[in-house]
Amino acid sequence: MIHKALHWSAPLASPPSFYRLAGKIRPWCLCLALLTAAIGLYGGLVMAPPDYQQGDVFRIIYIHVPSAWMSLFIYATMAVAGLVALVWHVKLAEVVTVQSAPIGAAFTLITLVTGSIWGEPTWGTWWTWGARLTSELVLLFFYLGIIGLYHAFEDRRQGARAAAFLSIVGIVNLPIVHYSVKWWNTLHQGTTVRVFGPSTIDPSMLWPILVMALATHLYWAASLLGRIRTDLLDLESGKRWVRELSQVREGSSR
Amino acid sequence: MSLQSFFAMGGYAPYVWSAYAVFLLVLVADYIAPIVRRRRLLRDLRARMARQEARKQRRASTGRVSS
């Protein structure tokens with residue numbers, strides 16, 4: 001069983017094979033992301049009716065909530081990769097950990113800024129030190145800390161392992177972000193979309209959120225694969241396959 | 001629904017569209033960053049390989065054996 005798994009994952013572990021495979025998958029993820037985003041945004045901005053309390057400003061939900069989900073999802077995958085990197089010393093897992101952080105930071109920043117823009121007309125304030133907002137800000141600091149820690153080391157693999165360690169420490173923040181609206185009663189509204197049990201949102205408003213969630217996941221896959229590819233070129237710049245590639249693909253951006 | 005009322009967003013246009021602009025700009029930046037890095041990496045690598053090649057040829061022309 002383990003041998004079979006190793007056999008199948010062997011091409012993944014080899015940087016040139018992974019580079020080629022990722023290069024084939026990435027454009028598909030990106031195209032599907034743009035397609036689903038177009039459908040989701042049409043559904044959210046055009047087809048969904050305005051909210052009976054908030055009017056049209058609620059439409060920020062179609063980027064705010066999927067981005068918030070991504071900020072947690074990316075952190076979880078990054079920490080899992082970090083664990084694999086620390087325990088089994090898998091080079092590719094180190095790369096995944098380090099390269100996940102900027103994408104996670106991007107989605108966390110989007111969540112905070114769009115939430116702030118949404119808060120002004122609905123709560124009357126851009127920011128409050130509520131549990132949800134504060135823990136999401138802490139999440140951003142974890143992402144930035146992981147990026148900073150990685151760059152603080154001269155040795156890249158040492159830096160990646162330190163970053164992996166910090167990413168595992170930060171897992172404690174994830175349930176706090178998730179359950180904050182349940183544990184503390186603050187300005188931030190409660191959960192309206194549920195995986196288990198009925199969602200307290202009309203289906204005509206709900207489906208574009210789910211489609212946008214799919215779009216952001218696809219974008220994440222494309223972005224991560226692109227970043228891993230670039231990082232592999234850097235890590236392996238002395239190797240023959242990168243040297244050959246740099247000559248053949250001269251001037252190409254792919 | 002008219003195009004005008006779509007852009008007006010029921011009076012919330014500045015909020016809705018600025019939020020969507022942030023979403024777009026941050027993700028575009030995320031998309032461009034590795035492309036820029038990749039281009040710089042390959043350019044540096046080609047320059048390094050060209051220098052190595054030049055050094056090799058210089059050695060060959062002076063007839064010195066590399067130590």
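Predicted model: local features only at pLDDT ≥ 70, side-chain atom pairs only at ≥ 80, totals over all residues.
| Helix pair | Residues | Angle | Axis separation |
|---|---|---|---|
| α5(A) and α6(A) | 131-152 and 156-169 | about 155° | 7 Å |
| α5(A) and α7(A) | α7(A): 173-183 | about 170° | 8 Å |

**Packing of α5(A) with α6(A)**

Helix α5 of chain A meets helix α6 of chain A at an angle of about 155°. Because angles over 145 degrees count as roughly antiparallel, α5(A) is roughly antiparallel to α6(A). Their crossing is right-handed. On the α5(A) side, the contact is formed by A:G145, A:I146, A:L149, A:Y150, A:H151 and A:A152. The α6(A) side contributes A:G159, A:A160, A:A162, A:A163, A:L166 and A:S167. By class, the residues of this contact comprise eight nonpolar and four polar, with no charged residue.

**Packing of α5(A) with α7(A)**

The axes of α5(A) and α7(A) lie 8 Å apart, and the angle between these helices is about 170°. This angle makes α5(A) roughly antiparallel to α7(A). The crossing of α5(A) and α7(A) is left-handed. Here α5(A) supplies A:A131, A:R132, A:S135, A:E136, A:V138, A:L139 and A:F142 to the contact. From α7(A) come A:N173, A:I176, A:V177, A:S180, A:V181 and A:W183. The contact of α5(A) with α7(A) consists of eight nonpolar, three polar and two charged residues.

Methods: Residues numbered from 1 in each chain as written. Chains lettered and ligands numbered in written order. Axes fitted to C-alpha atoms, helices over the stretch in contact; angles between N-to-C directions. Helix = DSSP H or I, 4+ residues; strand = E, 2+ residues; numbered from the N terminus. Parallel < 35°, antiparallel > 145°, perpendicular 65-115°, else oblique. Left-handed = near helix turned anticlockwise from the far one by under 90°. Contact = placed C-beta atoms within 7 Å. Nonpolar A, V, L, I, M, F, W, Y, C, P; charged D, E, K, R; others polar.
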